[in-house]
Amino acid sequence: MGVLARATLGEIAARLEAAPPLPTHTRLRGPESGLVMVRGRQGGDGGPFNLGEMTVTRCSVRLADGTLGHAYVAGRDLRQAELAALLDACLQRPELRGVLLAEVVQPLAARQAEAAALVARKAAATKVEFFTMANMRS
Amino acid sequence: MYVAVKGGERAIGNAHAWLDETRRGDPALPELSVEQVEQQLGLAVDRVMAEGSCHDRGLAALAVKQARGDLIEAAFLLRAYRTTLARFGASEPVETGAMRIQRRISATYKDLPGGQVLGPTYDYTHRLLDFALAAEREAVAPAPEGVADPTPMPRVTELLAKEGLMRRETTSEAEPPDLTRDPLNFPVPRAAWLQALARGDEGFLLGLGYSTQRGYGNSHPFAGEIRMGEVTVEFTPPELGFAIELGEIVLTECQMVNQFAGSKSEPPQFTRGYGLVFGHGERKAMAMALVDRGLRAEELGEPVDAPAQSQEFVLYHCDNVEATGFVEHLKLPHYVDFQSELEKLRSLRQEAGR
């Protein structure tokens, strides 16, 4: 679910081209945008405090067989939330789970991991290597 | 007192039309897109999200464009927009210790686990105007990559706390107060002022933080640690009953380490001032941490005699949307008020002349 929340609508839609067509669904709630109050911790590790809100879009859908799917994703993209909810429902269906994990979720997760790794490598390039007196002499 | 007056609709309409034209600027130049603002004026967007108290880069960028770069007006627009949205609930407290670090520095330890990571910083630039930016440029080369170090980056405050030299934070999981729902009732707990400071005006907090360094509050701060990067926001929807990930947001955290002389029940030790803000807002996070430590004076049994130590002074004045509302309301017609003042002054002068 976190993978679908992090992906853009375009990225999810592009991955779905390689997947079998998704079953039809009924909207139970939303998609609708709202807010979630983000909490931090006092001093980083103390009791919680309210830091500020973020926009979040949610959607709940039902497949014809009654399977429910829910999604809450950061931002205001209604179609992304609906697609994420639909995929959440489909991923609970044994006949769809394998192919959707392989064609949609895992490739998206891999891309996200690579994007995070790229940031980590750029950060690593700005890590300070101190010269101590000892190794300046050597 | 100000009274409702009719008229002026045509003037207002025309003023708004002129504002729109002025915002657009020279039509011979390409119009700035919201995406350009979001990508290329990222720190303005971050500031508007922090002071607008609403994390949404696209909305904040739109607000910056609409406000023609007036960031307080942009924060106001964002605050107004957020009131139109329902709140689904509150997130789990974000785990800044697990932040995906883009920048992490400490002014107290040279060698610390995970090291000093400079990140995309203006520090060490010479602050000379770069005229190359004013010219058409070739594509910017991607930044160099290093070998990512999987060493965890523990907080500096935790290193000190393990030695018993840093006062531990209270770990009550009590529902924190929310100043967007409940009015401030002084004295307020630290959770309430941290929320107020996180959305407070950067300039105001910067000045107040500076005042604590200059002697109004007697603090001796060290920047124990500043870190910036992405954290995962988790939320537990009631219909699911377990936490799910909503996505990532960038936060800046500052831990100021301050002396504390100790008390009857506690040995001398360090205490912390804490700053946490949306986006990359290092100056704001540092100022917030200084003011947070100032506000803890009473809790730590220190004298409360400086502006940055007064809850009422800080919390009633740090919000730029509130402040701008009251300052700018002076522009509203005060014709009746002023008429009475005028008459009073005339009668006093008349009496004096008699």
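Biologist: How many residues lie between β1(A) and β2(A) in their hairpin?
Modeller: First, some ground rules. This is a predicted model, in which local features need pLDDT of at least 70 and side-chain atom pairs count only at pLDDT 80 or more, while totals for chains, interfaces and linings use all residues. Residues are numbered from 1 along each chain as its sequence is written, and chains are lettered from A and ligands numbered from 1 in the order in which they are written. Helices (H or I, at least four residues) and strands (E, at least two) are DSSP runs, numbered from the N terminus. Now your hairpin: six residues separate β1(A) from β2(A), and in the turn G43(A) has a positive phi of about 70°.

Biologist: How do β1(A) and β2(A) run, parallel or antiparallel?
Modeller: In general, strands of a sheet pair through backbone hydrogen bonds, in either a parallel or an antiparallel way. We call two strands paired if DSSP finds at least two bridges between them. Here β1(A) and β2(A) run antiparallel, joined by 14 bridges. As a place to look, G34(A) stands opposite V56(A) of β2(A).

Biologist: Which strand of chain B is joined to β1(A)?
Modeller: That is β2(B), residues 87–93, which runs parallel to β1(A) with four bridges. There, L35(A) has R87(B) as its bridge partner. Likewise, β2(A) is joined in parallel to β1(B), residues 54–55, by two bridges, and E53(A) has C54(B) as its partner.

Biologist: How many residues of each chain are in contact?
Modeller: A contact means that the C-beta atoms of two residues, placed from the backbone, lie within 7 Å. By that rule, 48 residues of chain A touch 67 residues of chain B. On the chain A side, β2(A) gives the largest share, ten residues.

Biologist: What is the strand order in the open sheet of chain B?
Modeller: The four strands follow the order β3-β4-β5-β6, with antiparallel pairing. The edge strands, β3(B) and β6(B), each pair on one side only. Between β3(B) and β4(B) there are five bridges, and I105(B) has I226(B) as its bridge partner.

Biologist: Which helix packs on that sheet?
Modeller: To compare directions, axes are lines fitted to C-alpha atoms, for helices over the stretch in contact, and angles run from 0 to 180 degrees between N-to-C directions. The helix is α9(B), residues 282–295, which touches β4, β5 and β6 of chain B, and its direction makes about 140° with that of β6(B).
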